Amino acid sequence: MIDTHTHLYLPDYGDDKCAVVDRALSCGVSMMVLPGVDADSIGSIKELHELRPDATAMCAGLHPTEIKPENWREHFEKIEAELRSSRDSYVAVGEMGLDLYWEQYKLMLQMEAAEAQLDLADELNLPAVIHCREAMPQMLDLMRARKGRLPNLVFHCYSGSADDVSRLRTLEPDVKFGIGGVVTFKKSSLPEILPLIGVDHILLETDAPWLAPVPMRGKQNESAYIPYIATKVAQELRMTVEEIDLRTSEAARKFFRL
Ligand SMILES: [Zn+2]
C-alpha cells in the first residue's frame, strides 16, 4: 500500500526518525509520500528520505496556513530554488492551496502563492498536491482561470461534495482525490461519494499525524494505519482490500511517477 500524504518528518515522531517508517513497512505500506508545508520542512524531509530512500518520496511546497504576509515570498523562493536545482529528487509540488477554515483573512495572499506554485509545477512538469478547506468555490475559480495551464492535481484529504467532484472533473478530467481517516468517521459523507469518484481516482492517505482513522481516532496518526482506510474503502466499494490496494497503488505510482 502507498500512503500518498504523510508528515512523518515532523518532530511529533520523536528522535528515532525511522521507527515510524519501519512500523508502516511492517504493516504492508511500501511507500510514503512526504508533502512539505514551508521552506523549513525541506531539511527534515530530506533527512528522513536519506535514511529510508526506497520507502519515502519527497515534495516541496507552501501550505496556505503557513503563509505569512511578511515572509511568504522568502519561503516560496527557497522552495522554488530547491525544486529547480533538484527537480528529479521530487515527486510533486505541495502541499499548496486555499484554506478559509483557519485563515479567512488571507485569501489574496493564498491565491498568489497557489498561482506561483501551480506555475512552477506546470513548468517543471510535476504534479501538484492541493489542500482545499472551505474554499472550493474560490479554488474552482482559480482553476477555471488557469484552464490549459494546470498540472496534474490531487485534492488531498478531499472534503468537497459530489457536485464538486463533477465540477472539478469538467476542469481537470483526471483529477485525483486523496481519501484518508475521515472516511472512517461516523458522520462522514465521504463514503457515499466514493462510487462517484471511482477506485482508479482514489489515492489513499493518512495525513499523519492528524486525522487518525477509526479505531485509532483521537490518537497520533501514522502511516501504519493506512490498512484501516483501505479496509473501509473496500467495504464501501464492495471490493476486496487486495484489489483496493492494487488499484489505488497503481493510481499513486502513475500520478507521482514512483
Ligand atoms: Zn498535509
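In helix α3, residues W72, F76, E80 and L83 meet L109, A113, A116, L120 and L124 of helix α4; two residues are in contact if their C-beta atoms, placed from the backbone, lie within 7 Å. This contact comprises eight nonpolar residues, one charged and no polar. Here Ala, Val, Leu, Ile, Met, Phe, Trp, Tyr, Cys and Pro count as nonpolar, Asp, Glu, Lys and Arg as charged, and the others, Gly among them, as polar.

The model is predicted: local features need pLDDT of at least 70, side-chain atom pairs count only at pLDDT 80 or more, and totals for chains, interfaces and linings use all residues. Residues are numbered from 1 along each chain as its sequence is written.

Helices α3 (residues 72–85) and α4 (residues 107–124) pack at an angle of about 10°, and their axes are 11 Å apart. The two helices are therefore roughly parallel to each other, a term for angles under 35 degrees.

Most residues other than glycine have a negative phi, and most peptide bonds are trans.

| Cis peptide bond | Omega |
|---|---|
| G94 to E95 | near 10° |
| V214 to P215 | about 10° |

E95 belongs to strand β4 (residues 90–99), whereas P215 lies in the loop between β8 (202–204) and α8 (226–237).

The loop between β8 and α8 also holds D207, a residue other than glycine whose phi is positive, near 55°. D207 counts as buried because it has 22 C-beta neighbours inside 10 Å; the cut-off is 20 or more. N125, in the loop between α4 and β5 (128–133), likewise is not a glycine and has a positive phi of about 55°. With 10 such neighbours inside 10 Å, N125 counts as exposed, for which the limit is 12 or fewer.

Terms used:
Axes fitted to C-alpha atoms, helices over the stretch in contact; angles between N-to-C directions. Helix = DSSP H or I, 4+ residues; strand = E, 2+ residues; numbered from the N terminus. Parallel < 35°, antiparallel > 145°, perpendicular 65-115°, else oblique.
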